[in-house]
Amino acid sequence: FGDPGIVKRTPATINPIPKEVAERLRAGEGLDGLQNFVDESRGVYCVKCCVWRPRNAVHCTTCRRCCRDHDHHCGFYGRCIAKKN
């Protein structure tokens, strides 16, 4: 089993940080209660992973990572099942 399509943290996926996220982080506040940010060209900014992800990716609450073309999290294999695997 290879990488199912995890959205990795790179300069391209973490920038630009949405203004409200940056303000809260500078103030030492958490991101609880914030909704994900949607941008037509960048995709969706996940406030749990702090990455920009494509629209076809979702945040897996078990793995605590965003995964492209996510189908489900498999308890038997202990990983996300997606298009790439």
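A residue counts as buried when its relative accessible area is under 20%. By this cut-off, C46 is buried, because its relative accessible area is 1%. The model described here is predicted.

The protein chain contains 2 helices and 7 strands. From the N terminus on, the order of elements is α-α-β-β-β-β-β-β-β. Along its principal axes, the C-alpha trace spans about 40 × 25 × 20 Å. The chain has 85 residues, and 35% of them are buried. Among contacts between residues at least 6 apart, 35% join residues at least 24 apart.

Charged side chains were then counted. The protein chain carries 15 positive and 9 negative side chains. The centres of these two sets lie 6 Å apart.

The cysteines come next. The structure holds 0 disulfides. C46 takes part in no disulfide, and the nearest cysteine sulfur, that of C66, is 3.6 Å away. A disulfide requires two cysteine sulfur atoms within 2.5 Å. The sulfur of C66 is 3.6 Å from that of C46, its closest cysteine sulfur, and is therefore too far away for a bond. C66 is also buried, with a relative accessible area of 0%. For C46, the value is 1%.

Two hairpins were examined in the strand region. One is formed by β4 and β5, with 4 residues between the two strands. Strand β4 covers residues 57-60, and strand β5 covers residues 65-68. These strands run antiparallel and are joined by 4 bridges. C60 has R65 in β5 as its bridge partner. In the turn, R64 has a positive phi of about 60 degrees.

The other hairpin is formed by β6 and β7, again with 4 residues between the strands. Strand β6 spans residues 70-74, and strand β7 spans residues 79-82. The pair is antiparallel, and 4 bridges join the two strands. H70 stands opposite A82 in β7. The turn includes G78, which has a positive phi of about 70 degrees.

How values were computed
Residues numbered from 1 in each chain as written. Predicted model: local features only at pLDDT ≥ 70, side-chain atom pairs only at ≥ 80, totals over all residues. Heavy atoms only, no water. Pairing = 2+ DSSP bridges. Buried < 20%, exposed > 50% of the residue type's maximum accessible area, 1.4 Å probe, protein only. Contact = heavy atoms within 4.5 Å. Lys, Arg positive; Asp, Glu negative; His and termini not counted. Charge placed at Lys NZ, Arg CZ, Asp CG, Glu CD.
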